[in-house]
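Subject: Structure handover

Hi,

Here is the structure I said I would send. Please have it open while you read my notes.

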Amino acid sequence: MTTVATVVFIDISGSTALFETLGNERAARAVAGMTDAFKQVVVQAGGRVVKTLGDGVLAIFNSSGLAVSAMTMLMRRHYGQWDSLPPTQKFHVRVGMSTGEVVLMEGDCYGDSVNMASRLCEKASHREIWASASTMESGSRADTTFVPMGWMEVRGKSEQHMLYQVQWSDTEAQEVITAYDSSLPMRQETVVQVRLRLASGGVERVFETHEMPIFIGRSSDSEWVVLDRRVSRQHGRIDWRGGNLIFTDLSRYGTWLTFGSSPATVVRRETVQLHGAGVMYFGVSPEDPTAPSAAFSIKPV
């Protein structure tokens, strides 16, 4: 059966580390308890749970407005009780959603919107809800704010897509819903592909734009791991957006960046465009000779 629906992927972040800490059985129970709570939110809001995906949930809604409201409610409930949650339930959550035709078959669903929602969930960071233009257009309501992210590449798609982030909180959590620079490209255009090189302590990695976003932090789930207590578990994120590499600080103590020979600039819960070559210092200024850091350079492909 083919129908028009809003597809929602809800992903629990950090479960890998939990399995390492608690062991398989205890961690599996903790993850199952959290996914059960999320499924209950979906059903209560009028959605349908399609299936559980290990540490995530795939659901569909007949109304994009209901889908957006449900995910806003889910985030507010989860992070509203964050301080009182036991360590085994302090999972971070991210959501991707897209609206369009889906095929329902044998307890599963298929279609371009399913793939798009999955890709947007991959792009989202902790506490974030990312939505396609189709969801924004059909789910726009007076009580909902869609923050435009610009034209971005989506893995598996040949063209760039205009993407949005759903604002769900006006409190501290909203700091993580980054205020993207309005001067960055907001129209689709031909862009030059680049490679990002990160290097530190004799370790070097090169990232292609199709691998974005990449996360930097103390967590073993990060693409670039920095094992230093002054570094947040998820310290920062690098996105490829509209032909620009954008660094977003997600940390408690901030990130210092230098470009060439310029003085260091501190970034706290803000974004900055990366260009040329320089150094990132995580959690402490470069005045401290022990500051954890990584050199970066950007070159056209």
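Buried means under 20% relative accessible area, exposed over 50%, and partly exposed in between (1.4 Å probe, protein chains only). By that rule arginine 237 counts as buried, because its relative accessibility is 0%.

Some ground rules. This is a predicted model: local features need pLDDT of at least 70, side-chain atom pairs count only at pLDDT 80 or more, and totals for chains, interfaces and linings use all residues. Residues are numbered from 1 along each chain as its sequence is written, and side-chain values use heavy atoms, with hydrogens and water left out.

Back to arginine 237. Its place is in strand β13 (residues 236–241). Strands (E, at least two residues) are DSSP runs, as are helices (H or I, at least four), numbered from the N terminus. The arginine 237 side chain makes a polar contact with the side chain of glutamate 128, at 2.8 Å. Such a contact is a pair of N or O atoms within 3.5 Å; within protein, one must be able to donate a hydrogen and the other to accept it, and residues adjacent in sequence count only if both atoms are side-chain atoms.

Next, a hairpin. β9 and β10 form it, with two residues between them. Strands β9 (residues 194–200) and β10 (residues 203–208) pair antiparallel over six bridges; pairing takes at least two DSSP bridges. Serine 200 faces valine 203 in β10. In the turn, glycine 201 has a positive phi of about 55°.

Last, phenylalanine 61. Beyond neighbours within four places in sequence, its contacts (heavy atoms within 4.5 Å) include Ala5, Val8, Leu66 and Met71.

Best wishes
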